[in-house]
Amino acid sequence: MSTVTPNLPPKREITTVPRFSDKVFRAIVTAGGLSSLVVLALIAFFLVYNGLDIFRSEGLKFLTGFDWIDASPEEGLPAQYGIGAMLYGTLVIGFLAVLIGVPIAVGAALFLSYYAPEWIKKPMVVVVDVMAAIPSVVFGLWGFFILMPHAEYWAKLIHKYLGFIPFFDMPAPAYTRSPFIAGLVLAIMIIPIVTSISREIFAQTPLDRIQAAYALGATKWSMIKAVVFPYGAGGIVGGAMLGLGRALGETVAVYTVLNLVYDIRIEVLLSAGGSVASMIVNKFGEADAPELRALMAAGFVLFMVTLLVNFIANIIINRTARKG
Amino acid sequence: MSTSIAPQVLPEKPWRPTFKRVLPDLFGALLTAVSTVLIVAVTPLKGKLGFSLTLIAMALVFSVLISGVRKDKKAAFNSVSTVFVYIAATFVLIPLFSILYEIYSRGVGALTWGIFTKDMSLSSADAPVSEGGLLHAIIGTLYLVAIATIISAPIGLLTALYIVEVKGRAAGLVRFFVQAMSGVPSIVAGLFIYAVWMIGLGNSYNAGAGAAALAILMIPTVARTSEEVLRLIPPDLREAGLALGATQWRTVAMIILPAARSGLITAIILGIARVAGETAPLLLTIGGADAINLNPFSGNSSALPYYVWKNLSLGNPESIERAWAGVMVLMLLVFIFFTLARYFSGKRTGR
């Protein structure tokens, strides 16, 4: 028996139990992956924690009240904090932005998906991406100095010819820094995101249906109406809501082109509007401790509203994308 | 030399529009242009607005007329929608080109070597633009972006790895919340950092706090883009690694991450481009300064968006000019990041 035993390494154990290194790896990755959940929870917690006094003392009046008055000890008046007017103003400019921006964005997405020749399509996709990367302070500067003079003129025309509609009525001839102009700037800011989401959803329209429509003699528009829109409706709605979420949270651009007034007005051309995010920046500089807490509470409301809008938008988009 | 003399056959391209088929469109465009010029010249409609409105109206009228007369009602609807789609595409492009043009024409005058080498500590706000500069703002922005990247890049990458590679129990939940997190208003991130860093821990303004706020906004961009990149890695690579007996850790570290490297760099740069221009959180966290501050964790600091904001609120003509110069430098910076991102994403094979 002189067979040489080859110098084999010890047999490795075949097992499904993860090695130690994998356990460490998985623990680190899981911790990292869950940290964004933790951050979101911390944001909510700290804003509530700091704003708790205000929620307690103001109650529901915080959401519905119009007044934002600091306490004045010499007159013995308590502080009053209500973001009702600002919340209403935020919704008004958000809906204006969606009303103006979404049709243009969907049209542009249709153009990119079905109308544009290849040599226009590629650069224009890049251009839309570039637009999404423009910082909001740039939109503010441009909106204030370049768009505002034009928009003022448009507002005058709208008032002149459509003034009988209560929304376009003007109690005083002050056309600058109105919700209408803020809505225009926001519309331009949300166009890139709505365009790219609509385009992604349109791209998932089943090709056989498109070809079937054409084979039955449909024009391009009949095809879009019969195939693309029914399939992409969810994507358009979701994209619009995502745009709405952006518009509701926008701060700096709105602050530069909107005159903050603590009042609820339905005249969108008038130089008086509201925005929770802009109000926070506006009041932050000279806020004392109680007012700071009120701002934290306002931030929490804004956080919850945008989170809710984003949740719904993402659910709709994910559902549409899966169906396609 | 082969000398086959096959007859030259030109391929037929029946889908190519012939001149005869384009003719009605050309005719319509000509009618539109002529009638618009005529109407603007004759009626009191004036200016760019009057001209564009007339142009749109005329384009609609003639496209409907021509296709309606030549074909039927469906064709007329089709031309109306085509006109609207082209108008929408134009409306998307107009603001962008207007913004780029105005930034260039208003910012380029103030763009001298001096603004890259000096700060504002020795110049008053209403001094001519040739005095002072924005070096302090550039340095501040670089600090902010660097620290924000150091915080958010690992978290973003780990989040993407958790969703795609580890596929943990909460992967769907994490993915959903990261999607929602990208919609968190920037001002809320600033308020949060203020609540923790200033109110909670009693610190004062500094660049580190601003960077923490920016990191919150940067995580979702990095995480979502890296997730998409990791999904594009073919599963064969993963299986090959595991089949060779590698642990998951070795597979990810030695195979997946190197294969996805340029895409992951793109993800990080896109995140940087997203936060480099953020203004609102900085208003609550960095305090603002006119002099260079080389310590990001102590003392007030400035940043390019903050510089633009401050000069815009000062409101005198010199400040406004400074704001435009600041915007131009900021946009140059964002475009550099953006081009880098596209360069790296173009390098990726398979797409």
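User: Which residues of helix α10 of chain B are buried?
Analyst: This is a predicted model. In α10 of chain B, which covers residues 248–259, the buried residues are Gln248(B), Thr251(B), Val252(B) and Ile256(B). Seen down the axis of α10(B), these buried residues fall within an arc of 90°, so they line one face of the helix.
User: What covers the buried residues of α10(B)?
Analyst: The cover includes α1 (20–58) of chain A, and from chain B it includes α5 (135–166), α8 (207–232) and α9 (235–243).
User: On to the two chains. How many residues of chain B are in contact with chain A?
Analyst: 76 residues of chain B are in contact with 78 residues of chain A. About 7000 Å² is buried between the two chains, and carbon and sulfur atoms give 81% of that area. Val92(B), Leu191(B) and Phe192(B) supply 8% of the area that chain B buries against chain A, more than any other three residues.
User: How many salt bridges are there across the interface of chain B and chain A?
Analyst: Zero by the rule used. Seven residue pairs are found in polar contact across the interface. On the side of chain B that touches chain A, helix α3 (residues 73–107) of chain B gives the largest share, 19 residues. That side of chain B divides into 57 nonpolar, 14 polar and five charged residues.
User: How many salt bridges are there over all chains, then?
Analyst: The count comes to 11. One of them pairs Lys156(A) with Glu152(A), with the closest N and O atoms 3.8 Å apart. These two are four residues apart in helix α5 (residues 136–162) of chain A, so about one helical turn separates them.
User: Is Lys156(A) buried, exposed or partly exposed, and what about Glu278(B)?
Analyst: Lys156(A) is partly exposed, with a relative accessible area of 40%. Glu278(B) is buried, at 10% relative accessible area, and forms a salt bridge with Arg274(B), where the closest N and O atoms are 3.0 Å apart.
User: Last one. Where is Asn206(B)?
Analyst: Asn206(B) sits in the loop between α7 (186–200) and α8 of chain B. Asn206(B) is buried, with a relative accessible area of 4%. The side chain of Asn206(B) reaches the backbone oxygen of Phe297(B) at 3.2 Å. Among the residues that Asn206(B) touches are Trp197(B), Thr285(B) and Pro296(B).

Terms used: Residues are numbered from 1 along each chain as its sequence is written. Chains are lettered from A and ligands numbered from 1 in the order in which they are written. This is a predicted model: local features need pLDDT of at least 70, side-chain atom pairs count only at pLDDT 80 or more; totals for chains, interfaces and linings use all residues. Side-chain values use heavy atoms; hydrogens and water are left out. Buried means under 20% relative accessible area, exposed over 50%, partly exposed in between (1.4 Å probe, protein chains only). The arc is that of the directions from the helix axis to the C-beta atoms. Contact means heavy atoms within 4.5 Å. Buried area is the accessible area (1.4 Å probe) that two parts lose on being put together, summed over both. A salt bridge is a side-chain nitrogen of Lys or Arg within 4 Å of a carboxyl oxygen of Asp or Glu. A polar contact is a pair of N or O atoms within 3.5 Å; within protein, one must be able to donate a hydrogen and the other to accept it, and residues adjacent in sequence count only if both atoms are side-chain atoms. Ala, Val, Leu, Ile, Met, Phe, Trp, Tyr, Cys and Pro count as nonpolar, Asp, Glu, Lys and Arg as charged, and the others, Gly among them, as polar. Lists of a residue's contacts leave out its neighbours within four places in sequence.
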